[in-house]
Amino acid sequence: MSVDKFIRNPMWATLVGALVAAMVVSLVVFVRSGEAAPRAADERTPYASVSPKSPMIVGGTAVPKGKYPFMAALLDKRRAGEAFDEQFCGGTLIDKDSVLSAAHCLVNPKPDKLQVVIGRTALDQNQGQLRSVSRRFIHPRYNGNGYGYDAAILKLSRPVKGIKPIKLATAKQNKLEKPGHILTTAGWGVVKQRPGPFDIFTFRMHEVSVPVVSDSRAKRTYQSEGLKYLPSLHVAAGKQGNGPCFGDSGGPLFDSGSRTQVGITSYGAGGCGTARYPAVYTEVNNPDIRNFILSAAKR
């Protein structure tokens with residue numbers, strides 16, 4: 001179902017805004033200067049009214065040019081500036097004209113104001129392939145609260161050439177979600193949090209390795225704060241000082257060796273890269289999630 005027909009009024013802020021406000025670091029905007037730059041949140045994070053909890057990469061390292069060509073940066077053309085200023089979420093190329101991202105990234109922008117750049121490591125450079133978005137689809141069971149079925153597909157105006165898509169985990173690859181297994185997450189979000197209203201964003205994609213956390217631990221932790229963790233729909237991964245942060249929503253949790261995507265960056269709490277609150281990802285090999293992805297990508 002097209003998102004324009006499905007969701008017009010996101011419920012996120014009314015359902016969890018008050019609860020999360022005390023737990024989640026302030027969103028942050030920006031002043032350019034070199035490889036990384038301080039920035040204040042409401043311009044760069046995925047729509048504060050939709051997702052005040054969106055994750056980003058902290059504790060990671062810069063990605064060499066061209067290492068992950070399947071990575072996609074979602075751009076909002078309503079924002080002034082260049083790609084760095086326009087980027088608000090991540091995604092992955094899953095076939096020649098389909099990008100997988102998070103539903104909460106896409107409930108607001110109009111399709112004609114969205115663009116996607118695939119294969120660009122540094123947002124202040126011009127490599128990669130820029131595409132308009134012709135259609136977008138949100139999982140029909142996503143209800144705007146950000147906790148479940150947080151998956152969406154963007155159909156590109158024309159196919160991408162010469163870039164191998166990432167693979168999606170299947171039901172037979174549950175071993176990739178075994179607690180302790182090391183996975184990778186990547187994106188262009190905040191790379192360093194600091195006191196005050198400004199965090200540090202980066203022009204260059206960063207990656208970080210994170211261990212999978214057991215469903216029981218993640219559920220217990222989030223429930224203790226009145227938040228939801230749904231083992232059938234979610235994968236949790238992270239450790240102290242390492243994890244995704246603001247601006248990384250919609251990007252992948254993946255096995256770097258096999259280039260297999262296990263999760264979609266969805267939400268977190270208590271700051272970024274905290275030991276107590278591992279980041280939460282939408283589980284790609286859940287049958288309802290995977291079937292939606294494959295069906296929407298064929299349209």
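Guide: What follows is a set of questions and answers on this predicted model.

Visitor: What makes C89 and C105 a disulfide?

Guide: A pair of cysteine sulfur atoms counts as a disulfide within 2.5 Å. The sulfur atoms of C89 and C105 are 2.0 Å apart, so the pair meets the cut-off of 2.5 Å. A search of the whole structure finds one disulfide.

Visitor: Why is the disulfide of C89 and C105 called left-handed?

Guide: The torsion about its S-S bond is about -80°, and the disulfide is therefore left-handed.

Visitor: Which parts does the pair C89 and C105 tie together?

Guide: C89 belongs to strand β4 (residues 87-95), while C105 sits in the loop between β5 (98-101) and β6 (114-118), so the parts tied together are 16 residues apart in sequence. Both cysteines, C89 and C105, are buried.

Visitor: How many aromatic pairs does the structure hold?

Guide: The structure holds six aromatic pairs. One of them joins Y68 and F254.

Visitor: How do you know whether Y68 and F254 are buried or exposed?

Guide: Buried means under 20% relative accessible area. Y68 has 4% relative accessibility, so Y68 counts as buried. F254, with a relative accessible area of 0%, is buried too.

Visitor: Which aromatic cluster does F70 form with Y68 and F254, and how is F70 placed towards F254?

Guide: F70 and F254 form an edge-to-face aromatic pair, with 5.5 Å centre to centre and 85° between the planes. F70 is in the loop between β2 and β3, F254 in strand β14, 184 residues apart. F70 is buried, as is F254. Y68, F70 and F254 form one aromatic cluster.

Visitor: Which residues have the most contacts inside the largest nonpolar core?

Guide: The largest nonpolar core has 53 residues, and those with the most contacts inside it are I94, V99, V116, I118, L154 and I293. Among the elements that give two or more residues to this core are β4, β8 (152-156) and α5 (287-297).

Visitor: What does I293 touch, not counting residues up to four places away in sequence?

Guide: With those left out, I293 touches I94, L100, I153, L168 and V284.

Key: Residues numbered from 1 in each chain as written. Predicted model: local features only at pLDDT ≥ 70, side-chain atom pairs only at ≥ 80, totals over all residues. Heavy atoms only, no water. Helix = DSSP H or I, 4+ residues; strand = E, 2+ residues; numbered from the N terminus. Buried < 20%, exposed > 50% of the residue type's maximum accessible area, 1.4 Å probe, protein only. Phe/Tyr/Trp six-rings, centres within 6.5 Å; stacked < 30°, edge-to-face > 60°. Core = buried A, V, L, I, M, F, W, Y, C linked by side-chain atoms within 4.5 Å. Contact = heavy atoms within 4.5 Å.
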